[in-house]
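These are my notebook entries from a first reading of a structure that is new to me. I put down what I looked up, in the order in which I looked.

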Amino acid sequence: MTPALARELLRQMVLIRRLEDRCAELYTQQKIRGFMHLYNGEEAVAVGVMQALGPQDSVVATYREHGQALARGMSARSIMAEMYGKKEGCCRGRGGSMHLFDAATRFYGGNAIVGGGLPLAVGLALADKMRGRPQVTCCFFGDGAVAEGEFHESLNLSALWKLPVLWVCENNLYAMGTALTITESQVDLTVKAASYNMISKAVDGMDLLAVREAAQEAADYVRETKMPFFLECRTYRFRAHSMFDAELYRDKSEVSRWKERDPIPGFLAAATHHGWLGPGAMEAIEAEVEAEVEEAVAFAEAGSWESVEDLHRFVHSEAL
Ligand SMILES: Cc1ncc(C[n+]2csc(CCOP(=O)(O)OP(=O)(O)O)c2C)c(N)n1
Ligand SMILES: [Mg+2]
């Protein structure tokens, strides 16, 4: 770790947090519509894992993917314009919150279907293998995906066909309002993954340094052996599942207990302790991030709607 990298990692987490808090405000003003799922509390997972990937690696994410998109290097303005449904957005406003996508950073998208990204990751990794490319495909998914057939089929194929996939399970203990403990016979997800004959490991998803280290080890293993690796990041979302959720399924005391382990102040304290960040660093980052988010909002506000004549484009391949 260097002081510059520590600052950058903290900045990324603060940017994710601030951009999403702003999205929540804009949602209540109906500037952003449709489904929207926020990542608050889970920032250390996206930021820490992304550090282990290179530009040629592929990333597949879920509908809760704003953090991954930012940590992968997509701009706040292209994300915000997409949230608004504007043409200047990363998908010309056609995807919205759940379908951020960016070929340039090999970000193969959010996905509205629980577990839907896992078979895509198998396909991406198979393509890399067949072409002899040294890439890793990193696939994020929630604990809820573990109950889907696609999880089992994808993990099995990745081990059977020896595919270079880094599986990253974001276990935040709930799938919408359903606790893991009432849907799974085996709540230790590393045990489930290990049954497909791959290395599986769990890490504290609230600790940025721990996630970064575990992800680096996992990605190195995948790159060297061309075998899959399952990394479970134990984390928690501070906000509701989506913008429509009364949160009747969990106690406020549980939420406040997890908030005490907020990854942002946690990493700030560690970085200060190690001497990577000095006094005033956080204030400067917050000011920078605030300016970046407001610039993104202004960009989205000033954006344009796709013209009616263009609406058929990208629907059928012949229209390209
Ligand atoms: C195949 C499928 N079934 C159900 C849904 C409805 N749904 C949306 S999010 C969600 C919960 C998924 O939870 P998890 O995978 O743990 O991700 P988290 O929201 O906690 O990040 C469900 C059931 C869906 N989108 N797709
Ligand atoms: Mg979950």
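**Entry 1: an aspartate and its arginine**

Is D128 buried or exposed? I looked this up first, keeping in mind that I am reading a predicted model, and I found D128 to be buried, with a relative accessible area of 0%. I then looked for its charged partner and found that D128 forms a salt bridge with R133, in which the closest N and O atoms are 2.9 Å apart. On the arginine side I noted that R133 is partly exposed, its relative accessible area being 29%.

**Entry 2: other salt bridges**

How many salt bridges does a search of the whole structure find? I wrote down 22, and I went through a few of them.

One of them joins E306 to R94, with 2.8 Å between the closest N and O atoms. I placed E306 in the segment after α11 (281-302) and R94 in the loop between α4 (76-84) and α5 (117-130), so this pair ties together parts that are 212 residues apart in sequence. When I checked accessibility, E306 came out at 14% and therefore counts as buried, since the limit for that word is under 20%. R94, by contrast, is partly exposed, with a relative accessible area of 35%.

I also looked at R261, which forms a salt bridge with D204, and here the closest N and O atoms are 2.4 Å apart. Because R261 sits in the loop between α9 (252-259) and α10 (263-273) while D204 belongs to strand β6 (residues 199-204), the pair ties together parts that are 57 residues apart in sequence. For R261 I noted 37% relative accessibility, which counts as partly exposed, and D204 is likewise partly exposed, at 28%. I then found that salt bridges with shared partners join R18, R22, E25, E290 and E294 into one network.

**Entry 3: the magnesium ion**

Which residues coordinate the magnesium ion (ligand 2)? I found D143 (OD), N172 (OD1) and Y174 (O), at 2.1 Å. Read along the sequence, I noted the spacing of these donor residues as D-x28-N-x1-Y. D143 lies in the loop between β2 (137-142) and α6 (149-160) and Y174 in strand β4 (residues 174-175), and this pair, 31 residues apart, links distant parts of the chain. I checked the accessibility of these two residues as well, and both D143 and Y174 are buried.

I next followed helix α1 (residues 3-28) to helix α2 (residues 43-50), and their axes come within 10 Å and cross at roughly 140 degrees. At that angle α1 is oblique to α2, and I noted the crossing as right-handed. The residues that meet are L9, Q12, M13, I16 and R17 in α1, and E43, A44 and V47 in α2.

In the loop between α1 and α2 I picked out K31, which is partly exposed, with a relative accessible area of 34%. I looked up its separation from T2, 29 residues away along the chain, and found 39 Å between the C-alpha atoms of K31 and T2. Leaving out residues up to four places away in sequence, I recorded that K31 touches L26, Y84 and E301.

**Entry 4: α4 against α11**

How do α4 and α11 cross, and at what angle? I found that their axes come within 8 Å and cross at roughly 45 degrees, and α4 and α11 are therefore oblique to each other. This crossing is right-handed. In the contact I listed A76, R77, M80, A81 and Y84 from α4, and E292, E295, A296, V297, F299, A300 and E301 from α11.

**Entry 5: an asparagine in a loop**

Last, I turned to N111, which lies in the loop between α4 and α5. With a relative accessible area of 14%, N111 is buried. Which residues is N111 in contact with, leaving aside its neighbours within four places in sequence? I wrote down A61, T62, Y63, M98, H99, G116, G117 and L120.

Terms used
Residues are numbered from 1 along each chain as its sequence is written. Chains are lettered from A and ligands numbered from 1 in the order in which they are written. This is a predicted model: local features need pLDDT of at least 70, side-chain atom pairs count only at pLDDT 80 or more; totals for chains, interfaces and linings use all residues. Side-chain values use heavy atoms; hydrogens and water are left out. A salt bridge is a side-chain nitrogen of Lys or Arg within 4 Å of a carboxyl oxygen of Asp or Glu. Helices (H or I, at least four residues) and strands (E, at least two) are DSSP runs, numbered from the N terminus. Buried means under 20% relative accessible area, exposed over 50%, partly exposed in between (1.4 Å probe, protein chains only). Donors are N, O and S atoms within 2.8 Å of the metal (3.2 Å for Na, K and Ca); water is not among the atoms, so sites may look incomplete. Axes are lines fitted to C-alpha atoms, for helices over the stretch in contact, and angles run from 0 to 180 degrees between N-to-C directions. Angles under 35 degrees count as roughly parallel, over 145 as roughly antiparallel, 65 to 115 as roughly perpendicular and the rest as oblique. A crossing is left-handed if the near helix is turned anticlockwise from the far one by less than a right angle, and right-handed if clockwise. Contact means heavy atoms within 4.5 Å.
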